[in-house]
Amino acid sequence: MRRPTGRQLTTWLVTTAIVTLLGPLAGLLWRNTIPKVTYVIIQGEALIADPEGEGPVGIDGRFALIALAAGLLCGIAGYAARGRRNDIALILGLAAGGAAASLLAWKTGHLIGLGHYQDVVRHGRDGATVTGVADLRAKGVLVFWPVVSVAAYGLLEVLVRRLPPGDRGDGGAGEGDEVGGDELDLQSAPTGRDVDGREG
């Protein structure tokens, strides 16, 4: 098994770091777009005021939508910025960065207002109400970001026409003198001779 090159390691680190940094921004967006969920304090415990409501489900749903959109954008951006021979490093970076960003988004959104919420629940009288904070019940949505990133990259890899595997971008045979997009090489004849090698 070949060891990764310095360029591949750099690509992986940079991709992971950039995607990870998007996590807190996604968390802020999630926190500011979640539906309001009201809790009633009963004996120091917060209970959902409307158990039949769609608030908690809506909170998970907003996170899922944000993660799906972020994963799709990261996959497209990663494919657009790819370099030859860096596909594996980019895919690993998208996966690792997406997982880290998803966790950071959850924690960032959850921590906003958490201290106040806990204080009200701890000291509130029975029957008092408090607005809940962002939190996930369906933890499975945390995988949406990395999975969609990698899936989008792979789908673009299939749909968008790439250079032939044997062509490394050299200016020689198989590059500038291909005809009609086919891999037909027309190598130039030596000076003073035609293609059959006869004197011109």
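This is a predicted model: local features need pLDDT of at least 70, side-chain atom pairs count only at pLDDT 80 or more; totals for chains, interfaces and linings use all residues.
Colleague: What does the secondary structure of the protein come to, and in which order do the elements run?
Modeller: The protein has five helices and three strands. Starting at the N terminus, the order is α-β-β-α-α-α-β-α.

Colleague: Why is α2 called roughly antiparallel to α3?
Modeller: The axes of helix α2 (residues 55–80) and helix α3 (residues 87–111) cross at roughly 155° and come within 11 Å. Angles over 145 degrees count as roughly antiparallel, so α2 is roughly antiparallel to α3. The crossing of these two helices, α2 and α3, is right-handed.

Colleague: Which residues of α2 and α3 meet?
Modeller: On the α2 side they are F63, C74, G75 and G78, and on the α3 side L90, L94, S102, A105 and W106. By class, this contact of α2 with α3 has six nonpolar, three polar and no charged residues.

Colleague: What makes α1 roughly parallel to α3?
Modeller: Again the angle decides. The axes of helix α1 (residues 6–33) and α3 cross at roughly 25°. Angles under 35 degrees count as roughly parallel, and therefore α1 is roughly parallel to α3. Their axes come within 6 Å, and the crossing of α1 and α3 is right-handed. The contact of α1 with α3 has 16 nonpolar residues, 13 polar ones and one charged.

Colleague: At which angle do α1 and α2 cross?
Modeller: The axes of α1 and α2 cross at roughly 145° and come within 10 Å. α1 passes α2 in a right-handed crossing. In this contact V19, L22, A26, L29, W30 and T33 of α1 meet I59, R62, F63, I66 and C74 of α2. The residues of the contact of α1 with α2 comprise nine nonpolar, one polar and one charged.

Colleague: Why does T15 count as buried?
Modeller: T15 has a relative accessibility of 11%. Buried means under 20%, so T15 counts as buried. T15 has its place in helix α1. Apart from neighbours within four places in sequence, T15 is in contact with L90, G93 and L94. For the protein of 200 residues, buried residues make up 30%.

Colleague: What makes β2 and β3 edge strands?
Modeller: The three strands form an open sheet in the order β2-β1-β3, with antiparallel pairing. Both β2 (45–48) and β3 (129–131) pair on one side only, and they are the edge strands. On average, neighbouring strands of this sheet are turned by 40° against each other, direction ignored.

Colleague: How do you know that β1 and β2 pair?
Modeller: Two strands pair if there are at least two bridges between them. Strand β1 (residues 38–42) and β2 have four bridges, in the antiparallel sense, so by that cut-off they pair. I42 stands opposite E45 in β2.

Colleague: Where does helix α4 lie?
Modeller: Helix α4 (residues 114–123) lies across β1, β2 and β3, and runs at about 170° to β3.

Colleague: How many of the contacts in the protein join residues at least 24 apart?
Modeller: The share is 76%, counted among contacts between residues at least 6 apart in sequence.

Definitions and conventions. Residues are numbered from 1 along each chain as its sequence is written. Side-chain values use heavy atoms; hydrogens and water are left out. Axes are lines fitted to C-alpha atoms, for helices over the stretch in contact, and angles run from 0 to 180 degrees between N-to-C directions. Angles under 35 degrees count as roughly parallel, over 145 as roughly antiparallel, 65 to 115 as roughly perpendicular and the rest as oblique. A crossing is left-handed if the near helix is turned anticlockwise from the far one by less than a right angle, and right-handed if clockwise. Contact means heavy atoms within 4.5 Å. Ala, Val, Leu, Ile, Met, Phe, Trp, Tyr, Cys and Pro count as nonpolar, Asp, Glu, Lys and Arg as charged, and the others, Gly among them, as polar. Buried means under 20% relative accessible area, exposed over 50%, partly exposed in between (1.4 Å probe, protein chains only).
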